[in-house]
Amino acid sequence: MTKIIEPKKQSNIFRRPSSETGIWSWITTVDHKRIGIMYGYAAFFFLLIGGLEALVLRIQLSQPDNNFLTAAEYNAMFTMHGTTMIFLAIMPISAAFFNYLLPLQIGARDVAFPRLNALSFWIFIFGGAFLYSTFIFGTAGAPEGGYLAEEVGWLGSAPNGGWFGYQPNAGMKYSPGTAMDFWAIGLQILGIASLISAFNFITTIINMRTEGMRFMRMPVFTWMTFAVSFLLAFSLPIIAIALFYVTFDRKFGTTFFLTEGGGDPVLWQHLFWLFGHPEVYILILPAFGIVSEVLPTFSRKPLFGYAAIVFAGFGIAFIGFGVWAHHMFASAISPVAQAGFGLSTMVIAVPTGVKIFNWLGTIWGGKLKLNTPMLFSLGFIGMFVIGGLSGVTHSVVPADTQQTDTYYVVAHFHYVLFGGALFGIFSGLYYWFPKVWGKMYNETLGKIHFWTMLIGFNLTFGPMHWLGLQGQVRRTWVYAEETNLAFWNVVVTVGAFIIALSIIVFMINWIFSKRNGEKAPFDPWDARTIEWTIPSPTPVWNFSKAPVVKSLDDFWHAKYGEDDEGRSVRRDSADQLLQELEEEGLNPSEDIELPNPSYYPIILASGLPFLGYAVIYYSVPLAIVGTLLLLIGGFGWGTEPLEEAIEELEHE
Amino acid sequence: MSSSHTYPHEPTGVETRKLGMWVFLSTEILFFGTLITTFMIFKGRDFPGMKLTDVYDIPFTSISSFILLMSSLTMVLAHNALEANDQEKTRVWLLATAMLGAVFLAGQIYEFTEFYHKGFELGTNIFSSTFYVLTGFHGLHVFIGVVLLLALWSIGQRQKGLTLEGGMNLEFVALYWHFVDIVWIVLFTVVYLI
Amino acid sequence: MSENHIEHPSPKKYVQIAIVLGVLTAIEIALYYTEDIVGVFTDPLLIILAVGKFVIVVGWFMHLRFENKLINRFFTGGMILALILFAIVMFERASANFL
């Protein structure tokens, strides 16, 4: 059925890739769905690694004065846990959702720049691999007055200055060796990946919407993608420059953040949190979007206050740029700044509260169907409210200075990022599972997953609140027996293992259902948005013909009308409509033009790690190799003919 | 592009690639903003007797700034010529722009070596560090711009010549080039004059 | 695409603009040398001149004047955001260092 017309002339370096299956088809793909799936698997792999690191930390803390890990190893583990979870797990899982769903939700055939999309994915993969290659190549020597070199070991040879890399602790003097260089340059590479995808998504949303898909008809998930892309586009450049400075300080003898040379360590904190706080919303807003899709579907009601949710999302994104210094209340910033940022932190709770009430209003009076996605979304609301409330307590500066660097803070941000972001992500994974794989997941296993995770999560992070208020300090590898902290620490560790168990249930469900699950109908949830008007799994060409959108929740209105009292009633024609849609979705009646696969994204991306190693080892040959790869990739990219080799689907 | 567009792209009426380029330039503001902020914060923090401002060669830098400014004119003339589909003129102006950019870069290299010989290394003091990183980052942008211009020029030598359609075409290179120029307008004032 | 473009200026116009830019640059350099005479007004004047040149290049050479409003909003939005954020950082650092 599918036929590729061969390019007439090969003026390029390589022949254009043409395989449709097998590994090369995945490496050269520019299909947003495949890229999304690859993002998802890669991110889940890193989620598992980050989880293992967390378990290692919890084993160390399960009893007082434990020596399962050395101090050096503990430092490396908590640094890598944070860095991995934020940059290699949650952000890319969100990117997986963006990639897969965004074009489907706005009725497009692909993103605006398919090759850039592939480039961003490969840069992410190379960046992650580069960061983790620290376990092979990295060294973390013994800092002056710190632990001894023999305590470092293999586990300790990873970056050890915290995911926030505070200066001067992360400088050469207190973090000798190359490990922190891997961290700085690794994040730099990962930042490029996110930045490219941000341009791509912004342009896609503005310019690839199908007919009738006005801004105020877009699904909330698309809106949140839009907001996140803005946050990425405007916050990542700041951290990129700050990481440049760190690299220069460590490798080329400058003193941007070192007081002995006239530098300013607090400036690092400013630049880091100017990025770091928007980053928090970069992590949570996708989950907001997912939940805003799941709740109306399973409550069988429209989203309560669509416009309010959209504007609240942008309110959060905007104010999110103005609260960064609340991470620095314990640093040397001026009292005026403390007061100002305390206030703005309280203010940002308002749009967040608006969203919570909207979600509650959506559930209110609905006919709830408690499937796994719904459970996770409900769990999300509960856990996120707890995390949000403990967050507001941090806006009170005197209280915050008490809580800073204790487990209270750890509890807070895990309630928002695990109880919030990750619960939302799992909700989305179950919700769109049928769309992606064309199979149904196992509902019983899904529910077991939810309940074990909810219990494990609360056992893990609930007690951390009081551990923190009792004074247990974060980022510290031991606590003394006399502190009476042992009991709750055991509970926390048990909770962490229950979470691990729930993840195993999830994986079993995923693997089993993907292979042997029931065949999914293309609209299993009686959903509202247009990605459900196409067959499951999604055909390569997405929509057989460009959909025309007439209202918000277009698909719902196609299926449901209103009776005299304004209640939703399923139209008689609904079943016939579904049948027609399936028929049409599988058999496009017109020629379809798809973006062509390309080798150049991966070639271009592969140059970056070489440049990274070149800086770390002051190696000119590596720099030349990296530059050459960039040039070959860039040249091939620029000269690759776009108009030739059009893939057409010939309908007979 | 092929004629069989089944999709109503570009509901905003702005060309997608151009929109993407402008989004990119908007974020570039944040890159340079961070660098300039750092420069401003560290301004004046040099050691006694080692002030970079004392060795600034304002007449020299003024001339090279002027050259970069004029390269924006040649760039826009190249764009204009291509809109009139005058391939010959387009190529000439493109090459002129690339040459002016190269002269600016040469000037910057000369300036850096001069400062270096006068004892200002990258890590000499915080002010020299910010100076080199800030102007160097801009220089890197100019360098990339010159490479892009020369690439365009060589594509223009081919029989088909240049068009304003498709991938990385003259219009986007022009936008990038002008952006590099406006950054220097700011830097010249902030770094040298104030 | 290019059909619905608003007419761009002529080469002559571009040259005139470039002359204006050149003159503004000359004034900037003159101001640098006359700092003793102009006094406290030097820096504000220099900033105004730089902003003027910036706007001219963006508006005319980059054709922002002739582009869709959307692009305009984007660019100015990024600009304003950057200015606010970095102004806060600079003031905060200045006050923390000298209080």
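Student: How many residues of chain C are in contact with chain B?
Tutor: This is a predicted model, in which local features need pLDDT of at least 70, side-chain atom pairs count only at pLDDT 80 or more, and totals for chains, interfaces and linings use all residues. Residues are numbered from 1 along each chain as its sequence is written, while chains are lettered from A and ligands numbered from 1 in the order in which they are written. Two residues are in contact if their C-beta atoms, placed from the backbone, lie within 7 Å. On the side of chain B there are 38 such residues, and on the side of chain C there are 35.

Student: Which helix gives the most to the side of chain C that touches chain B?
Tutor: Helices here are DSSP runs of H or I with at least four residues, strands are runs of E with at least two, and both are numbered from the N terminus. At least two residues each come from α1, α3 and α4 (69-98) of chain C. The one that gives the most, with 11 residues, is α4(C).

Student: How many residues on the side of chain C that touches chain B are nonpolar?
Tutor: Ala, Val, Leu, Ile, Met, Phe, Trp, Tyr, Cys and Pro count as nonpolar, Asp, Glu, Lys and Arg as charged, and the others, Gly among them, as polar. On this side, 6 residues are polar and 4 are charged. The nonpolar residues number 25.

Student: Is α6(B) roughly parallel or roughly antiparallel to α3(C)?
Tutor: Axes are lines fitted to C-alpha atoms, for helices over the stretch in contact, and angles run from 0 to 180 degrees between N-to-C directions. Helix α6 (residues 170-193) of chain B packs on α3(C) at an angle of about 175°, with the axes 9 Å apart. Angles under 35 degrees count as roughly parallel, over 145 as roughly antiparallel, 65 to 115 as roughly perpendicular and the rest as oblique. The angle therefore makes the two helices roughly antiparallel.

Student: Which residues of α3(C) make the contact with α6(B)?
Tutor: From α6(B) come His178(B), Asp181(B), Ile182(B), Ile185(B), Val186(B), Thr189(B) and Leu193(B). By class, the contact has 11 nonpolar, 2 polar and 2 charged residues. The partners in α3(C) are Leu46(C), Ile47(C), Ala50(C), Lys53(C), Phe54(C), Val57(C), Val58(C) and Phe61(C).

Student: At what angle do the axes of α1(C) and α3(C) cross?
Tutor: Helix α1 spans residues 11-33 of chain C, and helix α3 spans residues 42-61. Their axes come within 10 Å and cross at roughly 165°.

Student: Which residues of α3(C) does α1(C) meet?
Tutor: The α1(C) side consists of Ile17(C), Val20(C), Leu21(C), Leu24(C), Ile27(C), Glu28(C) and Leu31(C). The residues of this contact divide into 11 nonpolar, 2 polar and 2 charged. In α3(C) they meet Thr42(C), Leu45(C), Leu46(C), Leu49(C), Gly52(C), Lys53(C), Ile56(C) and Trp60(C).

Student: How far apart do the C-alpha centres of the two domains of chain C lie?
Tutor: Domain bounds come from an automatic or database domain assignment. Domain 1 covers 9-66 and domain 2 covers 68-99 of chain C. Their C-alpha centres lie 22 Å apart.

Student: In which helix of chain C is confidence highest?
Tutor: The pLDDT is the predictor's confidence in each residue, from 0 to 100. Chain C averages 86, and 91% of its residues score at least 70. Confidence is lowest in α2 (residues 35-38), at a mean of 84. It is highest, at 93, in α1(C).

Student: Which helix of chain B gives the most to the side that touches chain A?
Tutor: Chain B has 6 helices and 0 strands. Its contact with chain A joins 33 residues of chain B to 42 residues of chain A. The elements of chain B that give two or more residues are α1 (16-42) and α5 (126-157). With 12 residues, the one that gives the most is α1(B).

Student: Where is Pro168(A) found?
Tutor: The peptide bond from Gln167(A) to Pro168(A) is cis, with omega near 0°. Pro168(A) is found in the loop between α5 (134-137) and α6 (179-207) of chain A.

Student: Which loop holds Arg300(A)?
Tutor: Arg300(A) is not a glycine, yet it has a positive phi of about 55°. Its place is the loop between α8 (265-299) and α9 (306-319) of chain A.
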